[in-house]
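Hello,

Here is the structure I promised to pass on. My notes follow below it.

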Amino acid sequence: MLINTRQAAELTGLSEYELRYGFKQGLYPALEVGRGSRRKSLRWDPDILQQAIRDAMHTRQAVSGNDDFVFGR
């Protein structure tokens, strides 16, 4: 079952902006649906999204060598 961006944000604890930005950067996989020319609606598979977040966290830890994961801006 696919969920919309608002539901994905509630599930993951990330903001809707972070999810959309991560999608554009290739961090989080999603499907673009609809015919909108400006911004298509995104649909997320909860299991795949959560795995992508875990993978991103592990990659960040491996690069930084730190056991604590903190988002930086």
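In which segment does L2 lie? L2 sits in the segment before β1 (3–4). One caution before the rest: this is a predicted model.

**The sheet**

Start with the strands. Three of them form an open sheet, in the order β1-β3-β2, with antiparallel pairing. β1 and β2 stand at the edges, and each has a single partner strand, so one side of each is left without a neighbour in the sheet.

Now the pairings. β1 and β3 are antiparallel and pair over two bridges. On that side, I3 stands opposite W44 of β3. Strand β2 (residues 31–33) is joined to β3 by three bridges, and these two strands also run antiparallel. L31 has R43 of β3 as its bridge partner. E32 has L42 of β3.

L42 and W44 make up the covered face, while S41 and R43 make up the uncovered one.

**A nonpolar surface patch**

Back to L2. Together with L31 and V33, L2 forms a nonpolar patch on the surface. The accessible area of the three together is about 240 Å². L2 itself counts as partly exposed, because its relative accessibility is 42%. Note that L31 has a part in the sheet as well, as the bridge partner of R43.

**Helix α2: the buried side**

Which residues of α2 are buried? They are E18, L19 and G22. These residues cover an arc of only 100° around the axis, so they lie on the same side of α2. Just after α2 comes G26, with a positive phi of about 85°.

**Aromatic pairs**

How many aromatic pairs does a search of the whole structure find? It finds two.

The pair of Y17 and Y21 is stacked, at 5.9 Å centre to centre and 15° between the planes. Both residues belong to helix α2 (residues 16–25); they are four residues apart, so about one helical turn separates them. Y17 is partly exposed, at a relative accessible area of 49%. Y21 is partly exposed too, at 40%.

The pair of F23 and W44 is edge-to-face: 6.4 Å centre to centre, 80° between the planes. F23 is in helix α2 and W44 in strand β3 (residues 41–44), so this pair ties together parts that are 21 residues apart in sequence. W44 is buried, because its relative accessible area is 0%. W44 thus turns up in several places: on the covered face of β3, opposite I3, and in the pair with F23.

**Salt bridges**

The count comes to two salt bridges. Side chains of opposite charge can pair when their charged atoms come close.

R6 forms a salt bridge with E16, and their closest N and O atoms are 3.6 Å apart. R6 lies in helix α1 (residues 5–12) and E16 in helix α2, so the pair ties together parts that are ten residues apart in sequence. R6 is exposed, because its relative accessible area is 54%. E16 counts as partly exposed, at 28% relative accessibility.

E16 also meets R20 in a salt bridge, at 3.8 Å from N to O. E16 and R20 are four residues apart in helix α2, so they are separated by about one helical turn. R20 is partly exposed, with a relative accessible area of 23%.

What links R6, E16 and R20? The three are linked in a network of salt bridges.

**Where to look**

For a quick tour, take three views. Then view the pair of F23 and W44, which ties α2 to β3. Finish with the surface patch of L2, L31 and V33.

Best wishes

Conventions: Residues numbered from 1 in each chain as written. Predicted model: local features only at pLDDT ≥ 70, side-chain atom pairs only at ≥ 80, totals over all residues. Heavy atoms only, no water. Patch = residues over 30% accessible without salt bridge, like charges linked within 9 Å, V, L, I, M, F, W, Y side chains within 5 Å. Areas by Shrake-Rupley, 256 points an atom, 1.4 Å probe, with all protein chains shown as cover. Salt bridge = Lys/Arg side-chain N within 4 Å of Asp/Glu carboxyl O. Buried < 20%, exposed > 50% of the residue type's maximum accessible area, 1.4 Å probe, protein only. Phe/Tyr/Trp six-rings, centres within 6.5 Å; stacked < 30°, edge-to-face > 60°. Arc of directions from axis to C-beta. Pairing = 2+ DSSP bridges.
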